[in-house]
Amino acid sequence: MFYREAGQFKTSYEADQALFPIRQDKIGLGIILLVAFVVIPLTANDFFLASVMIPFLVFSLAAIGLNVLTGFCGQLSLGTGAFMGVGAYAAYKLTTIFPDVNVIFLVLVSGFFSAAIGAIFGLPSLRIKGLYLAVTTLAAQFFLEWCFIRIGWLYNYNASGAIEIPTREMFGVIISGAEATPLARYFVVLTITVLIAFLIANVLRGRIGRSWMMIRDMDIAAELMGIRPLQTKLMAFAVSSYVCGVAGAMMVFFWLNAAEPSSYSITLSFQILFMVILGGLGSVGGAFMGAAFIWILPIVLRAIPNMLDVDIGAETVEHLAFMVVGALIIFFLIVEPHGFARLWQIAKQKLRVWPFPY
Amino acid sequence: MLYDIFVDPFVQMYQMPDFFLQVLWEGFVAGILYALIALGFVLIFKASGVFNFAQGIMVVFAGLTLVGLHENGVPAYLALILTIGVMAVLAYGIERIVMRPLVNQPDIILLMATIGLTYFLIGFGELIFGGEPKRMITEELGLPTGSTAFEFGERGLVILQHIDIAAAVIAILMVGALAVFFNKTRIGRALRAVADDHQAALSVGISLNQIWAIVWFAAGLVALATGIMWGARSDVSFALEIIAFKALPVLILGGFTSIPGAIIGGLIIGFGEKIAELYWGGLVGGGIESWFAYIIALIFLLFRPQGLFGEKIIERV
Amino acid sequence: MNAIVTKESLPEPRPASERELLLRVDNVSLSFGGVKAITDISFDIRKGEVRAIIGPNGAGKTSMLNVINGFYHPQEGTITWRGEVRRKMRPYEAASQGIARTFQNVALFKGMTTLDNIMSGRSLKMSRNFFWQLLWRGPAEREEIEHRRKVEEIIDFLEIQAIRKTPVGRLPYGLQKRVELGRALAMEPELLLLDEPMAGMNLEEKEDMSRFILDVNSEFGTTIALIEHDMGVVMDLSDRVVVLDYGKKIADGTPEEVQANQAVIDAYLGVSH
Amino acid sequence: MKHLKTWACATALAVGVTAGAVAPQPAQAQDTNYVPLLTYRTGPFAGSGIHIANGMNDYLQMLNERDGGIGGVPIAIEECETSYNAQKGVECYEATKGKGALVYNPYSTGITLQLIPKASVDKIPVLSMGYGLSAAAVGDVFPWVFNVPVTYWDGASVVINYIADQEGGLDSLSGKKIGYIFLDAGYGREPIPLLEQLAEKHGFELLQYPVPANQMQNQSSQWLNVRRDRPDYMIMWGWGAMNPTAIKEAVKIRYPMDKFIGVWWSAGEDDAAAGGQDAAGYKALNFSGVGMDFPALQDIKTLVVDAGKTQTDPASIGTTLYNRGVLNSVIIAEGIRTAQELTGKKVITGEDMRVGLEALNLTQERLAEIGLAGFAHPMKVTCEDHAGSHPVFIQEWDGERFVKVTDWIEPMTDVVRPLLEAAAADYAEKNAPWPERTEACAQ
């Protein structure tokens with residue numbers, strides 16, 4: 001009834017190719033941005049900002065990054081955690097080398113380092129496909145993790161072996177370090193995430209995004225249509241790693257505040273992979289939904305016993321969260337392999353014909 | 001530097017032959033354990049084309065069930081039998097709930113389903129038996145403990161752990177039993193038929209569902225054996241899972257469908273990483289075992305993408 | 001014969017064998033680990049003709065196409081493309097030199113819509129780099145629209161407007177083949193290789209497809225090499241036919257010549273060699 | 001392309017679901033002192049973490065049951081599961097700090113490092129008892145962080161002192177080989193600078209055997225290296241599943257167990273029991289009482305454990321790690337009590353707690369008063385010294401239980417203190433602008 005595109009005629013290809021061709025979607029996006037930029041900052045408390053929204057946005061960005069590689073280009077990667085780590089360590093080193101440069105700029109630059117590393121580990125993808133490629137990305141994961149521990153230069157030879165984020169400000173507002181308010185950090189993370197998501201969505205709808213999907217859907221045919229497989233895959237690795245690297249840098253700069261190598265372990269790789277699967281392979285919007293689900297579900301699960309006043313051990317909730325996530329992944333793969341993104345489309349389809357069933 | 005890389009390790013091997021033998025033995029034992037995990041992968045991959053990421057966690061789960069039952073007062077052997085029963089139920093459940101609805105899905109979807117299964121089993125196992133590491137009931141199961149030392153040369157000594165010998169023997173027996181099972185029994189032949197061609201197997205009246213439940217059960221038994229052996233070496237805990245990843249490079253070397261490949265791949269990785277760690281690892285500060293196997297596999301893949309025993313892949317359009 | 005539209009109904013400037021040479025295959029042999037797929041084959045394709053490659057199953061027809069567009073590399077022999085001799089070439093290089101093809105088993109990009117599939121054929125013609133793509137507004141968008149126009153022409157030509165936004169995985173087989181042809185056409189190729197474009201189609205679909213092939217040939221002047229099992233279609237469509245059997249060339253000539261050739265008759269009737 | 005379109009749902013989902021579910025619980029009732037416990041009963045380090053968690057929880061609960069809390073005010077205890085995971089650690093911190101948390105004990109070096117800079121901003125002290133950043137003992141630089149009773153560097157120097165004693169003095173260390181096997185993370189790497197310095201000073205050779213965190217249960221290479229190098233002594237800095245595996249491997253290569261000494265985090269009964277009888281002779285540092293012959297522990301048993309108010313397995317009371325957890329809670333409780341005395345308030349804040357901890361003076365007499373005579377070395381925290389005690393003793397595994405075999409051994413303060421100060425200065429410099437201490441010294 002309300003969600004209907006009837007009467008909206010497109011008179012140009014511009015309009016037809018827009019990210020949100022349907023008016024209601026445009027309005028919806030506007031409302032979401034309004035909520036994200038205005039309503040949440042005005043109403044949310046520190047816990048919601050610092051422990052729900054910031055991690056959610058960081059993970060969303062990482063999931064977009066992995067989605068570029070796995071969802072759009074069809075190259076399975078289990079090394080996301082390490083690529084995020086490269087971004088984090090690069091950003092850390094950059095802030096020590098250039099203490100006066102704006103930290104947001106450095107975070108964005110740090111992505112280029114992980115892009116380069118990602119492209120190097122993407123090289124075998126020319127000859128290796130599918131499951132085999134997953135093993136080479138595991139090599140990246142374990143090797144890079146080892147480097148984070150062993151190369152003291154990366155963490156400035158700190159006795160703690162960890163990277164600790166210094167206090168930095170922008171326009172007189174402290175945005176990183178312990179004194180940064182959750183609100184300031186939230187705005188930084190939100191802006192970077194929205195901006196990168198928008199730019200990546202642009203790439204995905206154009207020639208380059210199409211070439212990735214060609215490789216994903218049928219690499220042989222793509223090659224026969226003039227796509228250079230190595231170049232295209234490496235570009236996907238680089239773009240994906242760039243986005244993951246920025247997410248990894250944001251993770252330590254605007255969320256965790258300090259990170260040991262174990263923060264970027266294989267567990268993180270799986271966390272992001274699950275977000276991508278549940279959200280929907282090959283969907284930018286799905287990355288947000290998957291991140292929301294995987295990050296927020298355990299928080300909600302933990303809160304439920306409190307609300308109901310049931311005495312369940314904290315660890316039991318943790319175990320249950322594992323089980324639920326595992327079961328849901330299987331459930332989604334069986335029922336709707338395209339994840340939340342497809343469910344959302346189906347819901348919209350239903351809405352479009354509502355109140356009639358067909 | 002060059003001397004340290006190219007000469008010194010070999011001099012050491014020559015000067016301390018007893019130590020070199022010990023390294024080889026440790027490599028052999030580690031290799032056998034990797035091979036056992038890989039064997040579980042191969043069984044399932046052969047019959048259903050599913051890359052079972054959860055094999056590592058099945059190892060822990062089986063071990064944990066065994067120890068957990070014993071902790072709750074079940075006698076060791078009864079616990080063993082009950083665990084076998086649990087693995088059978090698990091195999092049936094996985095086939096019924098996870099695999100059957102996913103028939104004919106792309107490989108990557110099946111792989112991800114088994115990753116989901118991994119997480120489910122971690123949560124489930126910890127929920128029931130608790131998250132703390134448990135001691136394997138080695139003695140209660142009648143497995144040998146202790147060690148034997150062999151004099152070697154003047155002051156050399158090679159120490160063999162009885163449990164490691166037992167692991168090797170059990171691994172060999174299992175491979176033998178699987179070979180007999182595949183070649184001599186009706187179900188075994190059906191399994192091979194399924195491996196060759198699902199459709200064809202169906203058309204001659206082989207029940208895929210039954211076969212899959214059986215392979216998952218067989219993989220569960222292999223997992224149990226692996227769990228006992230590895231549990232005896234350290235402890236039974238979910239931290240073991242990360243070691244199970246080592247089966248992936250093993251499979252790359254040996255090929256996804258070859259049982260002898262899994263064994264040989266396991267041994268190559270086992271020997272390779274021990275020798276590399278002990279004779280060359282020190283040059284970069286040690287601890288290279290965590291990634292060495294993967295890098296071997298990666299380099300190997302670049303030159304021989306089809307694995308040691310696989311046939312050259314001809315792409316068709 | 002099945003097809004209503006036949007080659008004879010269209011004007012023909014001059015005999016195919018006299019036209020300008022586009023591609024020549026000289027003494028090409030290909031084997032896979034000892035198994036010979038193609039043995040010492042030579043033939044040519046001339047500008048603007050419709051060239052058929054026929055032969056029984058396993059004769060090496062698809063392998064021949066794979067050699068032409070660089071997917072397989074022959075052990076012996078050379079390929080001359082527009083006067084340039086080549087031996088080894090990556091498939092994407094072949095594509096950039098104007099060779100497009102369709103596949104025996106439809107090889108569409110299943111996760112993409114009809115429109116995106118055909119747009120993918122424009123990949124080589126689009127050039128805006130990554131940074132313009134990031135911005136979208138401006139050059140990248142203009143380029144996209146410019147190519148969209150071209151693609152819409154193809155969609156109109158193939159009469160598939162209604163399925164423009166449908167993911168191709170959901171289309172019936174006949175339409176998928178049509179989309180695949182559209183994708184190849186979008187490359188604006190000089191040489192179009194069609195691998196069994198009518199396999200598995202019903203009569204009506206075959207007629208449509210025949211019409212499209214002839215229209216492509218006459219309207220766009222595209223040279224076409226096709227593999228087909230339906231002899232009626234082959235005889236009606238093609239200017240010249242090359243016949244393969246067991247990886248060897250056994251006949252080459254106009255449809256009439258080939259039909260009369262004893263070796264061809266033997267091969268199709270299964271006379272032992 | 002409609003990919004972005006769907007993120008509409010994402011945020012809606014995020015906002016909608018969480019706003020309802022995780023809205024902060026109302027602050028604790030005004031008549032309690034709120035102590036959040038960051039624990040881990042699951043994950044790779046659960047084997048060690050469970051006992052600590054039980055010990056911490058049970059002692060505080062016993063105080064509630066027996067005395068009605070501290071100074072007549074009950075303690076509100078809340079456990080938050082971190083799984084030794086930095087992400088969850090921060091989440092636990094954010095979730096609990098708003099409820100009037102008095103002190104944090106992260107039980108993870110990684111989480112401690114995250115909290116150290118936040119402590120002064122949020123005005124909640126961090127108590128990392130025998131772990132975390134060694135340099136935090138320098139109270140002038142880290143007014144909000146306490147690592148009573150001892151730092152890793154103290155511990156490492158005690159081990160060297162002990163070895164020297166066995167060998168007949170520090171001079172006889174010359175030419176000896178001492179092996180150091182450690183968890184390859186910040187935790188295990190921290191003692192290396194001190195050990196290296198001592199090695200140079202006393203002429204022994206330090207051999208390092210790192211164990212990567214994901215190879216904790218696969219240490220045969222490290223121990224083969226030990227076998228080849230034949231160090232005279234082995235020192236271990238392990239945690240979680242690394243400990244039992246290491247002890248088993250040491251037994252396997254027939255390393256003389258009486259020359260194998262672990263840090264206090266490698267002192268669990270479960271760890272040593274993995275080697276069984278063969279591990280007899282294995283030694284570990286410790287700073288909390290062994291066994292359960294303490295009235296306070298008896299109270300815990302009757303009032304809390306036997307009453308079924310906890311998950312604790314009765315057999316684990318009196319084990320090393322359980323007692324360690326108890327000691328941690330003793331320090332918390334005494335800190336609260338001191339704060340109450342100094343401020344005159346019954347319900348205190350994090351700032352008061354900092355003052356209380358800084359003035360902590362746990363004497364023999366006081367220990368006896370609370371039913372824990374001889375349970376720990378007396379501790380006296382000062383503004384300069386936030387470790388406040390330093391001596392540790394060595395216990396030995398006799399095949400079935402740990403037995404205290406030495407008296408309290410003093411660390412080499414002359415070596416350790418300058419290192420601590422240098423490290424603190426280094427930390428402050430790297431994290432510039434690090435806030436100057438503004439908190440007045442109560443003493």
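Reply: UniProt positions are given in the numbering used here, and such annotations may be inferred rather than shown by experiment. Keep in mind too that this is a predicted model.

An unreviewed UniProt entry annotates "transmembrane region" over residues 20-43, 50-70, 76-94, 106-129, 159-182, 211-230, 250-271 and 278-303 of chain B. Take two of these stretches. Residues 76-94 of chain B are 100% helix and 0% strand.

Now see how two helices meet in chain A. Helix 4 of chain A covers residues 80-97, and helix 11 of chain A covers residues 266-279. They pack at an angle of about 110°, and their axes are 6 Å apart. Angles of 65 to 115 degrees count as roughly perpendicular. Helix 4 and helix 11 of chain A are therefore roughly perpendicular to each other. Helix 4 of chain A brings Thr80(A), Gly81(A) and Met84(A) to the contact. Helix 11 of chain A brings Ile266(A), Leu268(A), Ser269(A), Ile272(A) and Leu273(A). By type, the residues of this contact are 5 nonpolar, 3 polar and no charged.

Chain A also touches chain D. That contact takes 61 residues from chain A and 55 residues from chain D. Several elements of chain D supply at least two residues each, including strand 2 (75-81), helix 3 (86-97) and helix 15 (413-430). Helix 1 of chain D gives the most to this side, with 12 residues. The side of chain D that touches chain A divides into 30 nonpolar, 14 polar and 11 charged residues.

Strands of a sheet pair through backbone hydrogen bonds, either parallel or antiparallel. Chain C has an open sheet of 6 strands, with mixed pairing and the order 6-7-8-3-9-10. Its edge strands are strand 6 (99-101) and strand 10 (248-253) of chain C, and each pairs on one side only. Neighbouring strands of the sheet are turned by 20° against each other on average, direction ignored. Helix 1 (residues 61-68) of chain C packs on this sheet. Among the strands that helix 1 of chain C touches are strand 3 (50-54) and strand 8 (223-227). The direction of helix 1 makes about 150° with that of strand 7 of chain C. At one end of the order, strand 9 (residues 240-245) and strand 10 of chain C run antiparallel, joined by 5 bridges. In one of these, Asp245(C) has Lys248(C) as its bridge partner.

Technical notes
Residues numbered from 1 in each chain as written. Chains lettered and ligands numbered in written order. Predicted model: local features only at pLDDT ≥ 70, side-chain atom pairs only at ≥ 80, totals over all residues. Pairing = 2+ DSSP bridges. Helix = DSSP H or I, 4+ residues; strand = E, 2+ residues; numbered from the N terminus. Axes fitted to C-alpha atoms, helices over the stretch in contact; angles between N-to-C directions. Contact = placed C-beta atoms within 7 Å. Parallel < 35°, antiparallel > 145°, perpendicular 65-115°, else oblique. Nonpolar A, V, L, I, M, F, W, Y, C, P; charged D, E, K, R; others polar.
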